[in-house]
Every structure is written in structure tokens, then in C-alpha cells.
Amino acid sequence: MTRMMAIVERELRKFFRSPTLMLVSMVMPLVQLVILGNAFGGKIHNARVGVVDYDHGEQAVRVREMFDSVAVNIKTFTAVQCNDERQAREDVRTGKLDAALIIPAQYSRRVLAGDSPKLGLVVDNSDQFMSSSLEAEMQSLADALNNPTVQPKVVQQIVLQIVELYPYVEYMKYLLAGSIALAMYVSVMIGGGMLYIDDKARGVHEGFLVTPITRLELVMGLNLAGAIKAVLSGVSLTVIGSLLAGLGVIFHPVQVLQLALLIVAVSIAFNGMMFLLMVRVEDPLVPRAMFGVLNTLLFFPSGSIYPIAAFPRWLRAIAIVDPFTYAVHGFKAILLKDGGFAAIQADLLFLFAFGIATLLVATPLFKRTL
Amino acid sequence: MTTHKSDPRYAGIAIAVENIVKRYGDFEAVSDVSFQVKEGEIFGLLGPNGAGKSTLIRMMTTLIPATSGRAIIAGHDVAKEPDTVRRAIGVIPQALTSDVDLTVEENLSIYAKLYEVPKAQREKNIEELLEAVDLLKWRDAQTKTLSGGMRRRLEIARGLIHNPQIFFLDEPTTGLDPVSRVAVWEMLDKLRGSRELTMLITTHYMDEADHLCDRIAIVDHGKLVALDTPIALKASVPGNSVVEVQFARDAGEWRERLESLEGLTSVEPQSMGSYRLHTENGPQTTASLVELAADKGGVIKSLSVQNTTLDDVFVHYTGRQLRDEQVKAPLFQMPPRPGMST
């Protein structure tokens, strides 16, 4: 025990004396949280949409009034008057406009005659996000035009009433779970991967191996120290990230306890995984080369950025065995849903089991000699 | 527990290496080496980079298993009782491996804990060792602020933190400036005087081996080629003096002329018209040489007479200069530590 704790003491003294590891492990997830959270979370504003009116009738004026009202109030787009459909198409193609609304000749007559009136929308579908946002906005404008001014006594259309369980979740809040997991992964990758191999290459482990420390004490000491460092990174990012994203869970004791338990489980799982990957590595270049690959392979399939349900089958298979998936699911359950202990039970079980299993495999692989 | 302490063959023997072999695939890094080190002795393993010194030391210190043969350290078989051996030995690896972010005292304290030295004893040992290696006033300094020589002294203290019986030092002065090297030698001399310690030192510095070691084993290409006291090794080289001469012009004609001189045991051509002459009588050979040069109209650029050194011993036993070997890339790299010499 004394020998195991000596390894832990050494690692933690180094860690606190040189806090670069903790700072470095938090920089990338924090930057990602702030940049991606703001970049992906917003709605389209001030898109330039041209209006070509070949009708000029009463119904065309109604369309333009509604169009102008969106431009003035929601500001999804600004209206640009155009005289020629061909020119408007060319302007969309060259990027001068983001879309063009065409009101064809005879539009008012067709509306009044109930003769399948049509409005045209020219969009630049090379930008899927912009085109689908404008399409959705225009569709709601068309729906409003279709609504009769006076509602009939009996409504025959089926209406879906949506009940949202939680207040609107901004993308930054959605991303926080992944960012905490990422910070812990970076901490483990640097503290448990790169520094471990660097120590090996510098001959530090040779110094340990000539002492009577046992294989188990050395493995447990290195992993316990790695897990403590990952816990500290996880706690720090949870606090900073929650404050940045405007989440108040860190002020609720029960949720704080759940978070603490999940952070410990994630630390053990990540650390065990990293130790297993690094246990036979000698070359300091290997963990550096693996960093990006593992990051992509584990972080992106975890559902932290995009829902797992949208993945193809093979990617879902990765997500099932990826400890990141359970970390992200658990953090989302606590941070966004307040789902209670029951919501994270399965995640905790998987993460603890994964951590113990990887350590059980890694320990016999750890060489007590050079 | 298999102990050889009661075995009369090992009475007074700290280290016994018996027919030890280490193979990596087809390459034999250490070939059938045997030697014994007496208790209290300073024993040197001398050889160029890649000779197999570090492989030998690593087999003796439990770091790598031997392919065949055995090593008995402090009466215990390394292969059968590695933990007992580890408690009996202190090891200073070739590389400087102290934690640069930790203080001098923290480095010592952590190693004392790895050896499970009780708290009171730990504090006493740290105090004594810091004084012995002259780092008492640096105890709270971070190791990164120390010079190379001070770091090496710290590592020596670290290796002694648990009061071992046998101390292994793998090239303890490599990379140090001449002043620091001498300081390390003095410290090892002092430690030897104050503790009942057996030391095994690997080095490729002749002067270091000559200065520190009671006995020296010359290792080359994994084989032990000579073993004796420095004096006996020097005496074993034919000719007890070496005359070094350099001629201003030489197209190879001087070798034959020099070989005609009386009392010479060998003539070694060096570069640029230089020769090393091994002789029984240095002054007489010098006088004859000057006379010969005057006779043949040769111009002597430099001339010196010296006693036989370990350099000569190494050349005698291996057929080449140790310093020449130093600058060549080693033929074989130790697999566990790529880039480090063996």
C-alpha cells in the first residue's frame, strides 16, 4: 500500500507543481463548447431573399406584407426587390442572394378562383442548413396564407399537440456533456498516455522496476493517480461549463452527488482503457499519433454532437462499446434532464465494469521487467 | 527461499555471475560471462558502447531475464528471488531519471517509500545522504534547478536511500563535465569509506575505472576479455612504457626503421605520421629514437614517454582503441530503450 501510494504521491505532486496538464486538458473542450455551442446553436438571421412580383394583385400584396413582417420581426431574412426571375436565379447562383421568392402572374386570380395557386422559392441547396431554414420559414408563411380568416365551427384537420418535457435546450447546453467527457479524455490521454510513455522512455520506470514494488501496486498506483487527475479535470469543466452554458445543476446537492459519482466512473473507465492501450507501447510517438484517431473514433460516435439514432449500423456498433457514449448519456441525463439516479444507473454500471475489465486485462500485460 | 548465503563457495562474495548469456533473436548481447565481486570491493565493467555492460547490469539488477546462466546477488539468485535481490541492491541507471518537477527531498522520500523504509528511518536516511552528497542546502530546490553533476549526486543518494549492501552504477559520470566527474568520484570514494558497500560500476572512461576500481573486467562484444586489478592489467601488457612520436613527414618508411630499435615489444602506427612504441625501457628507447631520427634526417614534431595506461590494456586485449569505438554507432541497440547505449 505504501509503495502504491508513493506512485500516486509522485504523480500528483508533479501534476500540481506543473498545472499545464489540467489547463491543456480543458482548453480544447472549452473552446469547442464556446465556439461550436454558439456557432451551431443559433438560428439564421438576415438572409438576403429576393422578391420577384409578376402579379402585383391584392393577394400578391398580402404575400409581400407577410414577408415584410417576418423580415422586420423575426429577421430571418431581409427582403430585396427584384424585377426579373432570371436575374434573381443568377443572383442566388452567384451568392448575391440566399434565396428568391417568385410570385407568378395571375397568382391573385388563381387564389380567388381556388385554382391551385403557387409561389416559387429558388434556394441554394449547396448549403443545406441555410436552404432548409428558409424552406421551413417559407412553408410556415404559406401555411399562414392557407388559414382561413374566419375559422369554421368544426375543425376537421388533425392537429398534433407537442408537449416538451424540458425548456428549450440551447446547443451549448446540449454540447456540455460531450465537452466534460472530452476534457476527461484529454486529461487521461496526456496524463495517462503521453506522460506515461515519456516516463518509460526517459528511464523513470526503470528506476521503479529495481525497487521491490509489485506489478499490481505499480499498475494500481499509476491508474489511481490517472483517475484522480481525470476527476479533477472533469469537476473543473463541469463547474466552468455549467456556468458558461447557464446551467444551475451545480447548485443542487443531489445532482452534484450524481455528477461526482458519474465523473469517478468515467475516470476509471477512460483510465483503464488508456492503460490497456498503452501498456506495451514504448515509443513516445505512438500516443501522440493515436490522440487524434482515438478522439474521432470515440468522441464523435458517442452522441455528443449528433444523435446515435441517425448513425449507420456499423457506427452504432462502435457507439455501443464506446465508454464515451455512456459518459455523454449520463452527463446529459443529469445536466439537462434531472433524470435522477435511475437515469444514470446503466451508465454507471457499464463505466465501472468497463474500467475494471480493462484493468484486469492490462495488469497481466504490464511487464515487470524491461 | 533459496539462499546461497550459507554456501561456502559464496562466502565473502557480494556478486557471483556464472556463465550468463543474453540473446535477442540471433544476436548474443552477452556471451557466457562469469566473474565474482567480493564484499566491499569496487568492481568496474569497462568497455565501449554496445559492449554489453548495461545488459549485464540489467540482468544482475532483475531488469531483464538472462537467457541462460545465473547471477547470485547478496547470496540470492536473481531469477528465483528477485524481490529479495531488489531490497539488497541500489541502482543508478544510466539516464538521469529524477523527477525534475519534484524537490530534492521529495525525490528521495518517494523512493524511500517505494522501499518501505519506516518514517523515522526515512527522515534519518534522507538527512544523512543529503549531507553525504553535499545537497543539504538544496533539499527544497526543484530538481530542474540543479546542475547535471548535482542531479547525478541526487541519484546516487536516491540509490542509497534504503541502505543497500550492493550498489550498481551504470555509467555514473557520462555526460558530466570534468569537474563534476571528479566531484562524483570523490563522493563515491567517501561513501565507500563511510559505508560497508560493494559497488559495481560500468564505464567507458579509462581514467574513471583506473581511479575508482579495485578490479576491472574488460568487456567487448558481450565477452569478458580480461579481469584483474588495474595494476595487474597494466603489467600484463608487454612493455611497461609507451613512447609516442610524431614525424613531420612519413610515407610509411618509419615503421620499419622503428621496428629495428632495441627493446621494443610492439610498434603501433597511428594517424599522421604518429607511432606508439611499447618498450621495456622508456628513456633508452627515447634516446635511440632521437639518434635514429638524426641519422635518417627525420624531423620529430612531438615526442612523449608515459607508463602503460588502461587504454593500452584495452588495445592489447581487444585489438583496437576504446575511444575509436566511442564515436562509432553501436552495432546493436537495446530493444527496451531505443537510442540508449548498452
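**Ground rules.** I am working on a predicted model, in which local features need pLDDT of at least 70 and side-chain atom pairs count only at pLDDT 80 or more, while totals for chains, interfaces and linings use all residues. Residues are numbered from 1 along each chain as its sequence is written, and chains are lettered from A and ligands numbered from 1 in the order in which they are written. My helices (H or I, at least four residues) and strands (E, at least two) are DSSP runs, numbered from the N terminus.

**Chain B, overall.** I noted 12 helices and 14 strands in chain B, and its C-alpha atoms fill a box of roughly 80 × 45 × 35 Å along the principal axes. I call a residue buried if 20 or more other C-beta atoms lie within 10 Å of its own, exposed if 12 or fewer, and partly exposed in between, with C-beta atoms placed from the backbone. On that scale, 45% of the 342 residues in chain B are buried. I count two residues as in contact if their C-beta atoms, placed from the backbone, lie within 7 Å; of the contacts in chain B with a separation of 6 or more, 69% come from residues 24 or more positions apart.

**Positive phi elsewhere in chain B.** I found Asn19(B) with phi near 50°, a positive value in a residue other than glycine; Asn19(B) sits in strand β1 (residues 13-24) and is exposed, because 12 other C-beta atoms lie within 10 Å. Asn163(B) also has a positive phi, of about 50°, although it is not a glycine, and its place is the loop between α5 and β7 (166-170) of chain B. With 16 other C-beta atoms within 10 Å, Asn163(B) counts as partly exposed.

**The contact of chains A and B.** I saw that the contact takes 24 residues from chain B and 23 residues from chain A. On the side of chain B, the elements that give two or more residues are α2 (82-88) and α3 (104-114), and the largest share, four residues, comes from α3(B). I sorted residues by class, with Ala, Val, Leu, Ile, Met, Phe, Trp, Tyr, Cys and Pro as nonpolar, Asp, Glu, Lys and Arg as charged, and the others, Gly among them, as polar; this side of chain B then has 11 nonpolar, three polar and 10 charged residues.

**Helix α3(B).** I checked how covered this helix is, and 10 of its 11 residues are buried, among them Val104(B), Leu108(B), Tyr111(B) and Lys113(B). The buried residues pack against α1 (2-17) and α8 (204-209) of chain A together with α4 (119-132) and α5 (148-159) of chain B. After α3(B) comes Glu116(B), whose phi is positive, near 55°.

**Helix α14(A).** I compared expected and computed length, taking the expected span as 1.5 Å times one less than the number of residues: the 26 residues of α14(A) (340-365) should span 38 Å, and the end C-alpha atoms are 38 Å apart, which agrees. I also noted a kink of about 35° centred on Ala346(A), where the bend at a residue is the angle between axes fitted to the seven residues ending there and the seven starting there. The buried residues of α14(A), including Ile344(A), Phe350(A), Phe354(A) and Leu359(A), pack against α9 (215-245), α10 (253-278) and α13 (323-335) of chain A.

**Helices α10(A) and α13(A).** I found these two packed at an angle of about 170°, with their axes 10 Å apart; the axes are lines fitted to C-alpha atoms, for helices over the stretch in contact, and angles run from 0 to 180 degrees between N-to-C directions. The two are therefore roughly antiparallel, a term I use for angles over 145 degrees, with under 35 as roughly parallel, 65 to 115 as roughly perpendicular and the rest as oblique. The residues of this contact divide into 10 nonpolar, three polar and no charged.
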